[in-house]
Amino acid sequence: MKQFILTNIPTSYDGFQKLLRLKDALESAIEEDQKNFFFDMSQITWFEGHICACLGGLLKYYKNYKGLSIYTELDQIAPKVRSFLSKNGFLSLFGQDRTVDIYETTIEFKGHNIKKSDDFKDYITKYFSQNSRGLPDMTPILLKYFRRSLYEIYLNAVEHAETQRDVFSCGQFFQKKKRLYFCLTDFGIGIKENIIKKINLTLEPEKAIHWAMQAHNTTRKGKKPGGLGLKLLKEFIIHNEGMIVIVSDAGYWELKNGQVTMKHFDSSFPGTVVLIEINTADTKSYRLKSDINPNDIF
């Protein structure tokens, strides 16, 4: 039986390096025709819940679509870590029911069926409401548009990434750190391949992400504007002094403190991860620069 020992995963380039090593181990098990894979979580002392969107997505991807049987020993997980992962629903992957989060600091780990778009709409409406989980003050219209931006990122997985599989999400509010994290993960063709396919432009993976994050760049054809979801979030995060991390293929792109960092991985992620960090200590109030038709958003 193939096995992998997971240690603490920070929200950083190094953290995603660890996840890619897990992906490589899972891929190696498939190539070696291994049927079983042991996922050792005994060394984890701290876990950032939003990472579950990527970690849980990887495990389900290799279990559901690659046919690998993945196991762990729940009793070997540190009690505090196990309690936390029970609250956000991650341990449902291993048969443990989700427990109640009385402090409402978690955003549920969930796989969203792409054929049921209302499921994701209901999900983000539930978890991103005014003043919930420390979300900065926004006008009602901007809050709706903020949620619409998250929804567009979800739609990108269907339209641009061409995924036929679930899209995974999870989040966490750290009250002491004054930070709210939310992560979306899909297992589609990735940003680089989408740009090649749609407009025949070949870029390095990290540069492809950077291209996609520019205001006037889109692979969508016709009069309908594209890419507004990530770009509105980008503008908000800059003013909010938060962070955006995008991982796609072998590319890593990070926006923090108004500065962009791009790095390259030795291995490739089989899809795209979009992670946002919101500064909940932000006391500014936010509104749109111009009016928008409320009927255009939900």
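In this predicted model, the residues that line the largest cavity divide into 13 nonpolar, eleven polar and two charged. The volume of this largest cavity is about 390 Å³. Its lining is made of 26 residues, and those closest to the centre of the cavity are Asn156, His160, Ile191, Ala212 and Leu230. Several elements contribute to the lining of the largest cavity: at least two residues each are supplied by helices H5 (140-159), H6 (190-199), H7 (205-212) and H8 (228-240), and by strands E6 (179-186) and E8 (259-279).

Rolling a probe the size of a water molecule over the atoms shows where empty space is left. In this structure, two cavities of 30 Å³ or more were counted. The second largest cavity has a volume of about 30 Å³. Its lining consists of Leu150, Ile153, Phe182, Leu184, Val274 and Ile276.

Tyrosine 103 is found in the loop that runs between helix H3 (79-87) and strand E4 (106-112). The relative accessible area of tyrosine 103 is 58%, and the residue is therefore classed as exposed, the cut-off for this class being over 50%.

Notes:
Residues numbered from 1 in each chain as written. Predicted model: local features only at pLDDT ≥ 70, side-chain atom pairs only at ≥ 80, totals over all residues. Heavy atoms only, no water. Helix = DSSP H or I, 4+ residues; strand = E, 2+ residues; numbered from the N terminus. Buried < 20%, exposed > 50% of the residue type's maximum accessible area, 1.4 Å probe, protein only. 1 Å grid on protein atoms, 1.4 Å probe; cavity = no way out; pocket = protein on both sides within 12 Å on 5 of 7 lines; lining within 4 Å. Points joined across faces, edges and corners; volume = space filled by probe spheres on them. Nonpolar A, V, L, I, M, F, W, Y, C, P; charged D, E, K, R; others polar.
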